[in-house]
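Please read it alongside the sequence and the model shown here.

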Amino acid sequence: MKIETVIAHSSELLRIVSNSTQPTDNFLSDYFRKKKYFGSKERKFASNLIYFVLRNLTLFKFFYNLLRERNNWISTKNEFESICYIALMLCYCCPNEFPDFNPNELIKKIEQEQSTESILQLFFTNDFENILSIIKDNFTKIQDDISNLKLEDILISKESRNLLVNRYSFPEYLLESILKNFIDINSLINLLENSIKQAPISIRINLRNSDIISVINSLKTSEIEPICSQISPVGLILNKRVQLNELDVYKSGKIEVQDIGSQLISLVLDPLETDNVLDACAGAGGKSLHIADLQNDKGKIIANDIEFHRLKEIPKRAFKNGVKSIQIHHFNLKTKQNKLIELNKGNLFDKVIVDAPCSGSGTIRRNPIRKFQINERLISKLNENQLNILEFYSKYLKNGGILLYSTCSILPQENSELITKFLQRNSNFIPEDIRPTIQKSNINKVHLLQDYMVSTDFREDETDGFFIAKLHKLN
Ligand SMILES: C[S@@+](CC[C@H](N)C(=O)[O-])C[C@H]1O[C@@H](n2cnc3c(N)ncnc32)[C@H](O)[C@@H]1O
């Protein structure tokens, strides 16, 4: 396939995914499975280009509009196709600013004689030099303006916020929501810069089945050089994208794929071996499996969810890990009847974890289109649901028990503000100091918001954004 054809297909796919609510990875794998004429090299180039454009979409649209104003020619071209070429132009003129995407290498694999420059010249024809200098000069100006920004400017001036919105393709609603968490500009810029990078692949070691050294050695035999997480004591970051499910270390239940921040949730819960735990929003069981590992499989975990198709993954994953202490429970929202207490032999639970449905603003590096779909209306709908779910499942906790609330969001509305509201409405719950557990579990580099609330975000490149609050039910 010619490289121009791959770019044309990629731009059409981009148009579809940017107007869809389906996760991009599912959409792309379905699409490529059906279109057999896409070989593995074409698939790699197209998906890398699509993700690169989605992460930086506002920036590339900014240049598209700028060029349209100055140049009649570009307005006659297909918008998404032009955006793809603008993306390639930015990689071509400022490669150090976009280290995550190296089109040259991928293009050569598809058409040996081609380079980024040659395909840009073909597309932009006689205007190539002119467009190159417009893009280069304007990009340099944006970078210079940002380097002179102060936090006060961003707080008071929409124009300053727009600079960041355009450069980092970070929507204004998200930026305004997180601003209150920052007291210095450098850490804000650091977060924004990392928010447009590719998220790493991270794994959690099942300590019941293995240990860090053995897992590292075994990965090295497959030419993977893992790096120890600086945050999670059981986390490793992989240096390349591999099919983990083909490795023995995975098949034998020694590791699980899990984001670093997500690994902290079960560690902060800190279950005793004897605890009965309700994992109220268990999904496919990532946290349940970790809790079972921490309990040496000696406790009892009820993994509950309203979506059976997610829950049904758990028995397979538990079998692979040799875990027997997890029981799944499908809560049917239509009948509203459930057997949670029956399954726990008529008792309330020692610990309840609510890993609530949320905006996913902490995982925008993996699903970048999500950042453009989050708005005030969505957040207020989610907040209502989050509070209802938290109050509903908190009733299954025994007096003196621990309630843990978590999200993969970086927005205070879904995190600290929601917990404050919960505490105001439920006087039988009080904050539980998280610091001793953090110390005991060897967790580092997290942001302590209050003694009982902790978060991670992309300021640490190795993790997605997560929030955890730990509460205690009074006797
Ligand atoms: C953030 S995901 C949880 C991910 C999961 N804990 C894991 O580790 O993979 C939120 C889950 O909440 C579930 N959910 C939504 N409303 C619910 C409710 N009322 N009761 C229980 N689960 C619910 C969703 O189906 C979804 O699986």
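## Domains and basis of the model

Domain bounds are taken from an automatic or database domain assignment. That assignment gives domain 1 (3-148), domain 2 (201-257) and domain 3 (265-473), and the C-alpha centres of domain 1 and domain 2 lie 33 Å apart.

The model is predicted, so that local features need pLDDT of at least 70 and side-chain atom pairs count only at pLDDT 80 or more, while totals for chains, interfaces and linings use all residues. Residues are numbered from 1 along each chain as its sequence is written, and side-chain values use heavy atoms, with hydrogens and water left out.

## Nonpolar cores

A nonpolar core is here a set of buried Ala, Val, Leu, Ile, Met, Phe, Trp, Tyr and Cys residues joined through side-chain atoms within 4.5 Å, where buried means under 20% relative accessible area, exposed over 50% and partly exposed in between, with a 1.4 Å probe and protein chains only. The largest such core has 83 residues, and those with the most contacts inside it are Phe45, Phe124, Leu164, Phe170 and Leu188. Helix H6 (residues 79-93) gives the most to this core, with 11 residues; helices (H or I, at least four residues) and strands (E, at least two) are DSSP runs numbered from the N terminus. The core draws at least three residues from each of domain 1 (3-148) and domain 3 (265-473).

With neighbours within four places in sequence left aside, Phe170 is in contact (heavy atoms within 4.5 Å) with residues including Leu164, Leu191, Ile364 and Ile410. A second, separate core of 30 residues includes Ile231, Ala292, Ala318 and Ile443.

## Ligand surroundings

The ligand is surrounded by 17 residues, of which the closest are Cys281, Lys287, Asp305, Asp355 and Tyr393; a residue counts as near if one of its heavy atoms lies within 4 Å. A polar side-chain atom of Lys287 lies 2.6 Å from an oxygen atom of the ligand, and a side-chain N or O atom of Tyr393 is 2.7 Å from a ligand nitrogen atom. Taken alone the ligand exposes 600 Å², of which the protein buries 83%, with accessible areas from the Shrake-Rupley method and a 1.4 Å probe.

## Ser266

Ser266 lies in helix H16 (residues 260-269) and is buried, with a relative accessible area of 0%. Leaving aside neighbours within four places in sequence, Ser266 is in contact with Pro271, Lys287, His290, Ile291 and Leu294.

Note on methods
Polar contact = N/O pair within 3.5 Å; in protein donor to acceptor, adjacent residues only side chain to side chain.
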